Amino acid sequence: YAFDIPSNALERLTTSGYCASPRFSPAAKKLAYAKLVGGTMQLYMYDPQSKLHTQLTKDGGNKEEFSWSPCGTRLIYAVEEPGKSSRIAMMN
């Protein structure tokens, strides 16, 4: 959900599935979040202007604990894959 303080309006952003860890980038003016897809947490991006959701990752491993770069052009995140060592990844 997004809450607009001046209008006191509440808007639902996602309609299905388990979503977590929203991170807004003022520079990119976009919201990144994790969503459970087929048992794996994947990264998504939401554009408040167009109201479009874009799936950013589709590979194995849970994507967690992500952050935007200050310029809003990159996401850095942890990837946890069962039976493998975890790693830090970056997306442009």
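# Close-up views of a predicted model

View 1. The model is predicted: local features need pLDDT of at least 70, side-chain atom pairs count only at pLDDT 80 or more, and totals for chains, interfaces and linings use all residues. Residues are numbered from 1 along each chain as its sequence is written, and side-chain values use heavy atoms, with hydrogens and water left out. A pocket is an open set of points on a 1 Å grid over the protein atoms alone, where a 1.4 Å probe fits, with protein on both sides within 12 Å along at least five of seven lines.

**View 2. The lining of the largest pocket includes Tyr1, Arg12, Leu13 and Thr14.** Cys19, Ala20, Pro22, Leu31 and Tyr33 also line this pocket; a lining residue has an atom within 4 Å of a point. Strands S3 (19-25) and S4 (30-37) each contribute at least two lining residues, and the largest share, 3 residues, is from S3. Strands are DSSP runs (E, at least two residues), numbered from the N terminus. By class, 7 lining residues are nonpolar, 1 is polar and 1 is charged. Ala, Val, Leu, Ile, Met, Phe, Trp, Tyr, Cys and Pro count as nonpolar, Asp, Glu, Lys and Arg as charged, and the others, Gly among them, as polar.

**View 3. Four strands form an open antiparallel sheet in the order S3-S4-S5-S6.** S3 and strand S6 (52-55) are the edge strands, each pairing on one side only. Neighbouring strands in this sheet are turned by 25° against each other on average, direction ignored. Two strands pair if DSSP finds at least two bridges between them. Angles run from 0 to 180 degrees between N-to-C directions, with axes as lines fitted to C-alpha atoms.

**View 4. S3 and S4 run antiparallel and are joined by 5 bridges.** Ala20 stands opposite Ala34 in S4, and Ser25 stands opposite Lys30 in S4. The hairpin of S3 and S4 has 4 residues between the strands, and Lys29 takes a positive phi near 55° there.

**View 5. S4 and strand S5 (residues 40-47) run antiparallel and are joined by 7 bridges.** Leu31, a residue of the pocket lining, stands opposite Tyr46 in S5. In the hairpin of S4 and S5, with 2 residues between the strands, Gly38 has a positive phi near 60°.

**View 6. Another open sheet has 3 strands in the order S7-S8-S9, with antiparallel pairing.** Its edge strands, S7 (62-68) and S9 (87-91), each pair on one side only. On average, neighbouring strands of this sheet are turned by 30° against each other, direction ignored. Strand S8 (residues 75-80) pairs with S9 over 5 bridges, and the bridge partner of Val79 in S9 is Arg87.

**View 7. Asn8 is in the loop between strand S1 (2-4) and strand S2 (9-11).** Its phi is near 60°, a positive value in a residue other than glycine. Asn8 counts as exposed because its relative accessibility is 57%; exposed means over 50% relative accessible area, with a 1.4 Å probe and protein chains only.

**View 8. Glu65 lies in strand S7.** Glu65 has a positive phi near 50° and is a residue other than glycine. With a relative accessible area of 62%, Glu65 is exposed.

How values were computed
Buried < 20%, exposed > 50% of the residue type's maximum accessible area, 1.4 Å probe, protein only.
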